[in-house]
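Look at the structure first, then read on.

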Amino acid sequence: AQNPEFFKERSIKLRRVMDLYQEMLEASHCTSLADLAVNGNDLIEQLGLKPGREIGTILERLLDAVIEDPGLNIREKLLEKAKQIQSHF
């Protein structure tokens, strides 16, 4: 059950989030790991990483970076960013 006193405020916030997400989709912004310009195989081939959790962690950090800056979703830029992330492990 929802307190009716707070329902309107939550409804407005939810609408804003949904509108923002729709704008991102329409602008073809990256919203999931599958939308990244690189994948785990690229990290294995280009950076010599071994399959495992490290790849998943790097991809998640790359996704966060691309959500912050959609212009970063370019293969070469992401591979360079992945190298920087890898150096912190």
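Axes are lines fitted to C-alpha atoms, for helices over the stretch in contact, and angles run from 0 to 180 degrees between N-to-C directions. Helices are DSSP runs (H or I, at least four residues), numbered from the N terminus. This is a predicted model: local features need pLDDT of at least 70, side-chain atom pairs count only at pLDDT 80 or more, and totals for chains, interfaces and linings use all residues. Residues are numbered from 1 along each chain as its sequence is written, and side-chain values use heavy atoms, with hydrogens and water left out.

**α2 and α3**
- Helix α2 (residues 40–47) packs against helix α3 (residues 53–68) at about 110°, with axes 10 Å apart.
- The two are therefore roughly perpendicular (65 to 115 degrees).
- Gly40, Leu43 and Ile44 of α2 make the contact (heavy atoms within 4.5 Å) with Ile55, Ile58 and Leu59 of α3.

**α2 and α4**
- The axes of α2 and helix α4 (residues 75–86) come within 11 Å and cross at roughly 70°.
- So α2 is roughly perpendicular to α4 as well.
- Among the residues in this contact are Asp42 and Leu47 of α2 and Arg75 and Lys83 of α4.

**The buried face**
- Gly40, Asp42, Leu43 and Leu47 of α2 are buried (under 20% relative accessible area, 1.4 Å probe, protein chains only).
- Seen down the axis of α2, the buried residues fall within an arc of 155° (from the directions from the helix axis to the C-beta atoms), so they line one face.
- Their cover includes α3 and α4.

**After the helix**
- Just after α2, glycine 48 takes a positive phi of about 70°.

Key:
Angles under 35 degrees count as roughly parallel, over 145 as roughly antiparallel, 65 to 115 as roughly perpendicular and the rest as oblique. Buried means under 20% relative accessible area, exposed over 50%, partly exposed in between (1.4 Å probe, protein chains only).
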